[in-house]
Amino acid sequence: MSKLIHGRPYQETATGPQFKPCAPHSVLARLGDKWTILVMSHLAVAPGFRLRYSELKRGIEGITQRMLTLTVRNLERDGLLIRHYYPEVPPRVEYELSAMGASMLPALAEFTAWISSNWQQIEENRRRFDAE
């Protein structure tokens, strides 16, 4: 019989609980990527959840043009962003959170709040572990 913990199904077996992946590894890797989190966060505070490419780049410290391009392409591919292209001179490109992307924001807020509350302890635990 299947049970749930934190919304994740698992089976009780004779050797203990058994979990099966519920999402492909590529989806989990994308959603946990630091650039994805920063792009999504930047769009979350933008008016209408929408920014020009140059505004995204300017607002994310340390991101290269290549990494930003890869990140927004992958988020668009996953359906989390909508790309708006305007054939002007020079061309203008804007990115907007899709409805699915916006629906991820509460989970992202909880996740980043947990990180903010715990990262210093994690760093201390790593130092202590490495010293042993």
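## Exercises on a predicted protein chain

The protein chain exposes about 9600 Å², and carbon and sulfur atoms supply 58% of that area; the area comes from the Shrake-Rupley method with a 1.4 Å probe. This is a predicted model, in which local features need pLDDT of at least 70, side-chain atom pairs count only at pLDDT 80 or more, and totals for chains, interfaces and linings use all residues. Residues are numbered from 1 along each chain as its sequence is written, and side-chain values use heavy atoms, with hydrogens and water left out.

### Exercise 1: the overall fold

Find how many helices and strands the protein chain has, and in what pattern they follow along the sequence.

*Solution.*
- Start with the count: there are six helices and six strands. Here helices (H or I, at least four residues) and strands (E, at least two) are DSSP runs, numbered from the N terminus.
- Now read along the sequence: the pattern is β-β-β-α-α-β-α-α-β-β-α-α.
- Next, look at the spread. The radius of gyration is 19 Å, well over the 14 Å that the globule rule gives for 132 residues, so the protein chain is more spread out than a compact globule. The radius is taken over C-alpha atoms, and the rule is 2.2 Å times the number of residues to the power 0.38.
- Finally, picture a box: along the principal axes, the C-alpha atoms fill roughly 65 × 40 × 25 Å.

### Exercise 2: the nonpolar core

Work out which residues of the largest nonpolar core touch the most other members.

*Solution.*
- Recall the term: a nonpolar core is a set of buried Ala, Val, Leu, Ile, Met, Phe, Trp, Tyr and Cys residues joined through side-chain atoms within 4.5 Å. Buried means under 20% relative accessible area, exposed over 50%, and partly exposed in between (1.4 Å probe, protein chains only).
- The core has 22 residues, and Val39, Leu56 and Leu81 touch the most other members.
- Elements that each supply at least two core residues include helix H3 (53-59) and strand S6 (92-97). The largest share, five residues, comes from H2.
- Zoom in on Leu56: beyond four places in sequence, the residues it touches (heavy atoms within 4.5 Å) include Val39, Leu68 and Tyr95.

### Exercise 3: a look at Pro17

Decide whether Pro17 is buried or exposed.

*Solution.*
- Locate Pro17 in strand S3 (residues 16-19).
- Check its relative accessible area: at 52%, Pro17 is exposed.
- List its contacts beyond four places in sequence: Tyr10, Gln11 and Glu12.
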